[in-house]
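Okay, thanks for coming, everyone. I'd like to walk you through one model today, so let me put it up on the screen.

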Amino acid sequence: MIDCYGFRNAESPDFENIEGYFVDKEVLPFYNKLKERLAGEGYALRLESAYRPFERQLSIWNRKASGELKLLDASGNPMERPADEEQLMYAILTWSALPGASRHHLGSDLDVVDGNACPEGYEVQLTPAECNGMFAPFHKKLTELMDADETFGFSRVFVPGRGKIQPEMWHIAHLPTSRKRLENFSLAELRSIYERTDIACKSALLDNLERLADDYIYPYFI
Ligand SMILES: [Zn+2]
């Protein structure tokens, strides 16, 4: 198990399993407060993802590169798989983080929805269409609370105008915790991990790593 944030894995005593996902224990009291605050407004804050280890992000990356998982363009529509390795890498990056540099390695970042707005048996996709549809009232309320500084340290990270990752309304981070974890990030370590890992688009990743960091990693160190 490897990642660039201090080599923590799901068995780390820093994590606790809630709602089926591992979350940094430091985040838990704030998550519970936010949940309670939203419950008071009629929304059921629910996790769809939290901590993900390097291996999981690597598997997503490699399966998108091989065509096993579908590639989506910036609008969320399925797209052709580019033959050129660099183009393929950028296509994957539209919706998938660099393995080893995903904020989901931190344990402080959560993908959330409103459980009350989910139709019975509905499988959540985490797409902009859902945020503008069934989860729109939930996100509107969350934005209001964030603007009023009433979200106990949680903020959105992937917002328009920041870096090159598509906006993700559903992705929230407990910033006081993530800032501490990000201190352990090292681009040199990430390069060395890629060199010794069976990762798709390896040469494109290694050739462009500094630029990738400037566009897809550092803008989100907030
Ligand atoms: Zn996320």
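I'll go from the overall picture to the core, then a helix, a strand and a few loop residues.

Two housekeeping points before that. This is a predicted model, so local features need pLDDT of at least 70 and side-chain atom pairs count only at pLDDT 80 or more, while totals for chains, interfaces and linings use all residues. Residues are numbered from 1 along each chain as its sequence is written.

The secondary structure comes to nine helices and six strands; helices (H or I, at least four residues) and strands (E, at least two) are DSSP runs, numbered from the N terminus. The C-alpha trace spans about 50 × 40 × 30 Å along its principal axes. A compact globule of 222 residues would have a radius of gyration near 17 Å, and this protein has 17 Å, which agrees. That radius is taken over C-alpha atoms, and the globule rule is 2.2 Å times the number of residues to the power 0.38.

How much of the protein is buried? Of the 222 residues, 32% count as buried. Buried here is 20 or more other C-beta atoms within 10 Å of a residue's own, exposed is 12 or fewer, and partly exposed is in between, with C-beta atoms placed from the backbone. As for contacts with a separation of 6 or more, residues 24 or more positions apart account for 68% of them. Two residues are in contact if their C-beta atoms, placed from the backbone, lie within 7 Å.

On to the core. In soluble globular proteins, nonpolar side chains tend to be buried together. Here the largest nonpolar core has 32 residues, and Val23 and Val112 have the most contacts inside it. By nonpolar core I mean a set of buried Ala, Val, Leu, Ile, Met, Phe, Trp, Tyr and Cys residues joined through C-beta atoms within 7 Å. At least two residues of this core come from each of β2 (21-24), α1 (28-39), β4 (109-114), α5 (136-147), β6 (171-174) and α9 (209-217). Apart from it lies another core, of 10 residues, with Phe54, Trp61, Met89 and Ala91 among them. Going back to Val23, and leaving aside its neighbours within four places in sequence, its contacts include Phe15, Ile18, Tyr31, Ala50 and Leu110.

Now have a look at helix α2, residues 54-66. Its 13 residues reach 18 Å from first C-alpha to last, close to the 18 Å expected at 1.5 Å a residue; the expected span is 1.5 Å times one less than the number of residues. Which residues of α2 are buried? They're Phe54, Gln57, Leu58, Trp61, Lys64 and Ala65. Seen down the helix axis, they fall within an arc of 130°, so they line one face of α2. The arc is that of the directions from the helix axis to the C-beta atoms. What do they pack against? That would be α3 (85-93). Just after α2, Gly67 takes a positive phi of about 95°.

In the loop between α2 and α3 you'll find Met79. Met79 has 14 C-beta neighbours inside 10 Å, so it counts as partly exposed. Beyond four places in sequence, Met79 touches Leu71, Leu72, Asp73 and Ala91.

Next, strand β4. Five of its six residues are buried, so β4 is largely enclosed by the rest of the structure. β4 pairs with β3 (residues 45-49) in the antiparallel sense over four bridges, and with β6, also antiparallel, over three bridges. Pairing means DSSP finds at least two bridges between the strands.

Last stop, the loop between α5 and β5 (154-156), where Phe152 sits. Leaving aside neighbours within four places, Phe152 is in contact with Phe30, Lys33 and Leu34. Asp149 is found in that loop too, and has a positive phi of about 60° although it is not a glycine. With 9 other C-beta atoms within 10 Å, Asp149 is exposed. Glu19 also has a positive phi without being a glycine, at about 50°, and Glu19 lies in the loop between β1 (15-18) and β2.

That's it from me.
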